[in-house]
Amino acid sequence: MLVSALLTSVGINFGLCVLFFILYSILRKQPSNYEVYIPRLVADGSSKRRSHFNLERLIPSPGWVKRAWNVTEEDLLSTSGLDVVVFMHVITFSLKVFLFTAIIGIFVLLPINSTGGELSEIDLEDFSSYSLDVFTISNVKSGSKWLWAHFCAVYLVTAFVCILLYYEYKYICLKRIAYFHSSKPQPHQFTVLVRSVPVSSGSSVGESVERFFTEYHPSTYLSQMVVHRTNKLQSLINDAKKLYKRIIHLQSDPNKQKNTRIGLFRQKVDLVDHFEKKLEDIEENVRLEQSEVSMAEEVRAAFVSFKTRYGAAIAFHMQQSTNPTQWVIEQAPEPKDVYWPFFSSSFMRRWISKLVVIVACILLTILFLIPVVLVQGLTNLSQLEIWFPFLKSFLTITFVSSVVTGYLPSLILLLFLKIVPPIMEFLSSIQGYICHSDIEKSACNKVLWFTIWNIFFATVFSGSALYQISIFLDPKNIPSKLAVAVPAQASFFIAYVVTSGWTSTSSELFRIIPLFCSLIRRPFSKDTDDDFEVPSIPFHRDIPRILFFALLGITYFFLAPLILPFLLIYLCLAYIIFRNQFINVYAPRYETAGKFWPIVHNSMIFSLVLMQAIAVGIFTLKKLSVASTLIFPLVVLTLLFNEYCRKRFLPNFIAYPAEVLIKRDREDQNDPKMGEFYDKLVTAYQDPAMLPIHFSDNGESLNSPLISSTV
């Protein structure tokens with residue numbers, strides 16, 4: 001890629017960022033857009049819709065930047081939870097890493113690369129016509145003593161990242177324990193999920209659970225809530241909700257046609273009355289189904305609650321039976337975090353689903369190679385002219401060729417990547433996880449490794465295959481050719497950072513899709529503050545993106561340091577924009593207390609090892625064999641550091657230590673509110689589908705469930 005193509009891509013994306021910022025600063029002030037740009041404030045009652053005209057609404061203002069900047073970590077912790085704090089630490093950690101690497105890369109390595117003379121000497125008068133390869137390590141002559149600067153940089157950056165990782169892991173671990181101490185008693189702290197409950201003839205699951213835990217945990221056992229299969233029941237409730245919203249919509253719109261003709265004889269009926277009768281029928285069916293489910297549709301699983309956190313921890317960590325396949329115990333998620341459809345599927349169905357997920361991920365990875373190959377073809381004009389000879393006259397225009405090679409490839413790849421997070425979330429949801437947070441963590445891992453393989457490795461491999469097919473005819477030269485191919489793709493990844501980083505983050509602020517949905521829905525819905533849900537941040541979409549950019553920065557900082565300023569700009573944008581979104585837009589759906597951080601740590605270690613492996617190939621290619629040999633101890637030290645962190649910190653992210661649990665239990669002994677908490681704990685894990693519904697006005701009988709809410 002030429003410098004002119006990169007400058008074109010930077011110019012287009014910078015213009016889009018400025019446009020998004022201006023539009024956001026205007027549209028966010030319009031009362032009709034409050035549900036798009038400040039839904040959290042509207043839901044909290046902190047902001048009300050104002051209809052009177054104000055000229056100030058039409059003038060762009062940067063006041064939101066100052067407000068986002070002034071938000072402290074304690075503010076985020078108190079309003080959004082520890083998961084959001086950890087998310088922001090991913091950004092600040094990356095900022096610290098790339099500020100350090102930028103000092104080395106820009107002021108030391110970039111001058112060495114650009115004056116290496118292996119490819120060509122730089123002429124500032126014709127700067128824009130040069131290939132970006134002259135700024136990479138490929139421009140340094142083989143055997144040059146200046147390559148030792150790159151060797152030292154690899155060691156320095158590895159040491160800096162490892163030290164920073166250690167202190168970040170330690171800080172978040174302590175923050176997690178402090179957050180546990182400061183939080184109020186939560187149901188999931190006192191509860192475990194028991195599965196594979198053995199049931200003797202003549203007794204129910206509930207009776208078996210009650211008898212077992214009363215006998216073996218007599219001093220700490222409190223209550224149990226048996227799980228039922230409620231997929232059919234949930235479908236009926238969803239139908240009732242849709243019908244209820246339709247009735248409300250008809251009643252709220254006086255201009256809406258409320259009469260229609262239905263049936264074989266086209267009888268004229270009032271729509272509101274017709275739907276209300278259907279709603280009453282559905283409610284009656286729900287009550288009957290609840291009664292049937294409570295009597296017959298038991299799953300051999302139950303949520304078991306204890307009087308102390310320590311009692312729940314003992315049950316979780318100890319094997320309960322001589323047969324380890326029975327009385328299997330897991331930590332219970334938060335009640336609002338439970339993924340209830342999991343319990344409606346059989347063991348065989350979950351086992352088959354896991355195989356389907358593996359096959360689907362493999363197929364998606366293979367299919368995604370098609371746009372990757374297409375993108376790599378667009379970055380090379382000669383290849384493009386061979387594929388599409390009728391475009392040759394257009395591609396000779398400088399601006400067109402710059403857009404096609406500099407901006408279009410990254411844009412195409414970005415658009416294809418948009419569909420990956422929702423697909424991975426769906427695949428994780430059928431994989432057999434019992435809570436939404438585990439589904440999102442699984443989807444986060446899937447999206448991360450999918451991105452690393454399909455964007456990084458597939459781009460490098462497809463690039464080398466397109467331009468040097470002959471390398472596969474000579475296997476001995478494959479390692480050396482790949483050592484050339486990795487830095488050769490630096491120009492593409494710089495453009496990718498600008499497009500996927502700058503523009504995508506700015507569009508996150510502008511919220512294009514929610515805005516369009518609001519504009520389409522607005523004429524057909526009543527203007528109230530109760531008709532929308534406050535969104536939660538999709539961690540499985542944004543954490544992998546940040547970690548992938550961190551991988552690019554760590555991998556390319558010594559190969560092509562020119563990528564570092566673009567990464568720093570992206571991280572600065574992400575820092576401000578996401579803080580703004582957490583204040584105004586996103587509300588937490590659940591709380592894992594920082595369990596996403598081990599994913600971050602593992603990704604950073606992988607990035608370091610990948611960078612060191614590429615360094616071995618580069619120094620071998622550049623005939624600096626001593627440097628290649630000296631990199632191997634660094635790989636071993638990095639892996640040993642990772643093993644130390646895994647043993648030192650990871651157990652605290654799996655379960656809380658006994659001293660922490662016992663200390664909290666002792667504090668609760670003097671809390672007069674614990675009695676009320678225990679009363680609520682008994683029914684905290686009741687399936688929402690088993691609760692009574694209150695949509696119709698058909699008297700008190702419909703407001704009373706046929707089953708008891710208590711055990």
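Helix 7 (residues 147–182) and helix 25 (residues 625–648) cross at roughly 5 degrees, and their axes come within 11 Å. The two helices therefore count as roughly parallel to each other. This model is predicted. On the helix 7 side, the contact includes Trp148, Phe151, Tyr155 and Tyr169. Among the residues they meet in helix 25 are Leu630, Pro633, Phe641 and Tyr644.

Lys175 pairs with Glu74 through their side chains, at 3.1 Å from N to O. Lys175 lies in helix 7 and Glu74 in helix 5 (residues 73–80), so this pair ties together parts that are 101 residues apart in sequence. Lys175 is buried, at 16% relative accessibility. Glu74 is partly exposed, at 45%.

A second bridge joins the side chains of Lys96 and Glu168, at 3.4 Å from N to O. Lys96 sits in helix 6 (residues 82–114) and Glu168 in helix 7, 72 residues apart. Here Glu168 is buried, with a relative accessible area of 5%, while Lys96 is partly exposed at 39%.

Lys680 is exposed at 55%; Glu676 is partly exposed at 48%. Elsewhere, shared partners join Arg309, Arg664, Asp665, Glu667 and Asp668 into one salt-bridge network. The structure holds 16 salt bridges.

The surface also carries a nonpolar patch, with about 1000 Å² of accessible area together. Its members include Met348, Trp351, Ile358 and Leu369. Met348 lies in helix 12 (residues 347–378) and is partly exposed, at 49% relative accessible area.

Key. Residues numbered from 1 in each chain as written. Predicted model: local features only at pLDDT ≥ 70, side-chain atom pairs only at ≥ 80, totals over all residues. Heavy atoms only, no water. Patch = residues over 30% accessible without salt bridge, like charges linked within 9 Å, V, L, I, M, F, W, Y side chains within 5 Å. Areas by Shrake-Rupley, 256 points an atom, 1.4 Å probe, with all protein chains shown as cover. Salt bridge = Lys/Arg side-chain N within 4 Å of Asp/Glu carboxyl O. Helix = DSSP H or I, 4+ residues; strand = E, 2+ residues; numbered from the N terminus. Buried < 20%, exposed > 50% of the residue type's maximum accessible area, 1.4 Å probe, protein only. Axes fitted to C-alpha atoms, helices over the stretch in contact; angles between N-to-C directions. Parallel < 35°, antiparallel > 145°, perpendicular 65-115°, else oblique. Contact = heavy atoms within 4.5 Å.
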